[in-house]
Amino acid sequence: DFRAIILDRMEQRGVTQTELQHLTGIPQPRISDFLRRKRDVTTETLRKMMESLELEFDPHGSLVERDS
C-alpha cells in the first residue's frame, strides 16, 4: 500500500504534511486526504512525494529507498 509506505517514510524522517507540501508543491489538504484514503492521487503527485522522500519503484513495482 503506497499510502502506508509514504506515511511510514514521513515518520522515519520526521517530515510533516506541511513540510511535504513545501518539498513537493502539493497542497497540504490534498496530502492529508490521500493519506486518510479520502482521495487518490495522480501519477505525477505520487512521483513528487516519492522523490521528496527518496523513494523509488523497484523492478517488481514495490516502493523502496532510493539508492544514494
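**Close-up views of helix α1 and its surroundings**

**View 1. The buried side of helix α1 in the predicted model.** The buried residues of α1 are Arg3, Ile6, Arg9 and Met10, where buried means under 20% relative accessible area, exposed over 50% and partly exposed in between, with a 1.4 Å probe and protein chains only. Seen down the axis of α1, these buried residues fall within an arc of 135 degrees, so they line one face of the helix; the arc is that of the directions from the helix axis to the C-beta atoms. The face turned away from this buried side carries the exposed residues Glu11 and Gln12. What covers the buried residues of α1 includes α2, α3, α4, β1 (55-57) and β2 (63-65), helices (H or I, at least four residues) and strands (E, at least two) being DSSP runs numbered from the N terminus. This is a predicted model, in which local features need pLDDT of at least 70 and side-chain atom pairs count only at pLDDT 80 or more, while totals for chains, interfaces and linings use all residues. Residues are numbered from 1 along each chain as its sequence is written, and side-chain values use heavy atoms, with hydrogens and water left out.

**View 2. The largest nonpolar core.** This core has 14 residues, and those with the most contacts inside it are Ile6, Met10, Leu20, Leu35, Met49, Leu53 and Leu55; a nonpolar core is a set of buried Ala, Val, Leu, Ile, Met, Phe, Trp, Tyr and Cys residues joined through side-chain atoms within 4.5 Å. At least two residues of this core are supplied by each of α1 (2-13), α3 (28-35) and α4 (43-52). Leaving aside neighbours within four places in sequence, methionine 10 is in contact (heavy atoms within 4.5 Å) with Val15, Thr16, Gln17, Leu20, Leu35 and Leu53.

View 3. Glycine 14 is exposed, with a relative accessible area of 52%.

**View 4. Leucine 23 in helix α2.** Leucine 23 is found in α2 (residues 17-24) and, at 52% relative accessibility, counts as exposed. Leaving aside neighbours within four places in sequence, leucine 23 is in contact with Val15 and Ser52.

**View 5. Threonine 45 in helix α4.** Threonine 45 is found in α4 and counts as buried at 12% relative accessibility. The side chain of threonine 45 makes a polar contact with the side chain of threonine 42 (3.0 Å); a polar contact is a pair of N or O atoms within 3.5 Å, and within protein one must be able to donate a hydrogen and the other to accept it, residues adjacent in sequence counting only if both atoms are side-chain atoms.
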